[in-house]
Amino acid sequence: MKQTDAWGASFLELIRRASTDLPVDVERRLRAMRRAEDPESRARWVFDTILENTALARAKSLPLCQDTGTPLFFLRTPRGTDHLHLEKAICSAVARATRKGWLRQNAIDSITGRAYADNLAPGLPSIHIEQAPVRQVEARLVLKGGGSENMGMQYSLPDDALDAGRDLEGVRRCILDALVRAQGRGCAPGLLGVCIGGDRSAGLLEAKRQFLRSLSDRSPDPALARLEARVSREAVELGIGPMGFGGRGTLMGVKIGSLARLPASFFVSVSYMCWSCRRQGFSARPDGTIARWFQP
Amino acid sequence: MIHRLTYPFTREQTEPLQAGDGVRVFGLIYTGRDRLHKYLFEGGACPVPLADGGLYHCGPVMIREGAGWRAVAAGPTTSIREEPFMARILREHGVRVVIGKGGMGTATAKACAETGSVYLEAVGGAAQVLASCIVRVRGVRFESEFGSAEALWELEVADFPALVSIDARGVNLHHRIEHASQRALARLLANEKKDGRG
């Protein structure tokens, strides 16, 4: 792969699409949630505003939200792919997207408080590349806003205060607790990514990987699929509503995965994604040109 | 019912509002985030008159356009970060309308009740809808000191949509909803125990 390849341009277009347009399944879900609210209600007004905002951002090719979030890149590559080359292409695309205004200057030095001009900083962008049995590189990008990230939780079971033990009922209690704690502050209706097990760092990353799933899919594990459906149903009864203004639309969905754990540990990691659930992806040919866009 | 609020924001305009009401804001408002709130709280002089004014918790994305500026994304930021500063700013500077997202706390609600001020929420994430309500960027203060996102931007808005989150009597919309959701959660968890499946 030479410097003259198309990877930089493809990653730049990935960022532009992620920042300025919602995935089809997310917009469809938001429309359905709007219809479920009473006409003339505050909740209906919020959904109207959300949908109007989505149309405007797409038409103008401008960021859906001024908080363009943490760029989380997830790549799966065939054997023999040069990962360093891909990382370099991603970083140059992030810097260009920042100059073009699709990403805000969103990386702050934690010691001095100064903003990095190009969003290239220790830990940012967040890049996760793995080899996989795939024929083409698959690249996915999630932009996760800071307000929603602040609503994430990690529980260590058993938890006496929640009366949560080391079983799926305990997990359910954790998820509902995280949702009630968040209220509308993570820009509800949110999407919850959950991981049962893992160590603390692996658990939260796996929770975020759940955001790559389509809103309409079901966990391949029947017990987790039942729990996902159940918590989605119960969230309606909480009445928190979009932006916490009251209503039925508290949650777009919940996606639950699992990792093995040590005998001593049982973590439940919950990541909150805002309604502006920005995720896009493509598969690409070896020269970096895009073969197709993923449309969950 | 949708109320109109037009600058200067007098008590006559804010006092009839009730938590949960829809409003549309017209006229001059100023942006301010963490840096400005801390500066004002610590007694810094404000270069613009805040009495009967509006303060918008927002770090806009601005681009140069000719001699002026254009807001390209301007949604609200989380207000609770300003909770330690807000009450004093309401009392000492006479700010009448605060706009943000996510809700504010009891100190702000108390100050609202004392001063006849209101806290409004715009829809979080609606950066394009809200930027389109900014009809003119009049100017900017503290840009070199605080940076663009933290600066005080003077905005003229029209038909800017928001919701009354804390009204001028100190009633907080989120308190009722939060308590109801906690009761609903307790019911959901109690049923499980009763069913014996827990």
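I started at A:Pro189, which sits in the loop between helix H6 (168-182) and strand E5 (190-196) of chain A. The model is predicted, so I kept to its thresholds: local features need pLDDT of at least 70, side-chain atom pairs count only at pLDDT 80 or more, and totals for chains, interfaces and linings use all residues. Residues are numbered from 1 along each chain as its sequence is written, chains are lettered from A and ligands numbered from 1 in the order in which they are written, and side-chain values use heavy atoms, with hydrogens and water left out.

The bond from A:Ala188 to A:Pro189 is cis, with omega near 5 degrees. I found a cis bond from A:Leu124 to A:Pro125 too, with omega near -10 degrees; A:Pro125 lies in the loop between H4 and E2 of chain A.

A:Gln183 counts as buried at 5% relative accessibility (buried is under 20% relative accessible area, exposed over 50%, partly exposed in between, with a 1.4 Å probe and protein chains only). In chain B, B:Asp52 has a positive phi of about 60 degrees. I placed B:Asp52 in the loop between helix H2 (34-41) and strand E3 (54-56) of chain B, and with a relative accessible area of 25% B:Asp52 is partly exposed.

I worked on a 1 Å grid over the protein atoms alone: a cavity is a set of points where a 1.4 Å probe fits but cannot get out, a pocket is an open set with protein on both sides within 12 Å along at least five of seven lines, and lining residues have an atom within 4 Å of a point. Grid points are joined across faces, edges and corners, and a volume is the space filled by probe spheres set on the points.

My count gave one cavity of 30 Å³ or more. The largest cavity holds about 40 Å³, and A:Gln183 turns up again in its lining, along with residues including A:Arg185, B:His174 and B:Glu178.

Next I looked at the second largest pocket, about 420 Å³ in volume. Its lining has 23 residues, with A:Arg29, A:Ser232, A:Leu251, A:Met252 and A:Gly253 nearest the centre. Helix H8 (222-238) of chain A is among the elements that give two or more residues to this lining, and H8(A) gives the largest share, six residues.

**Entry: cysteines and core**

I found zero disulfides over all chains, a disulfide being a pair of cysteine sulfur atoms within 2.5 Å. The sulfur of A:Cys65 is 6.6 Å from that of A:Cys274, the closest, which is too far for a bond. For A:Cys195, the closest cysteine sulfur is in A:Cys174 at 12 Å, again too far. A:Cys195 is buried at 0% relative accessible area.

Notes. Helices (H or I, at least four residues) and strands (E, at least two) are DSSP runs, numbered from the N terminus.
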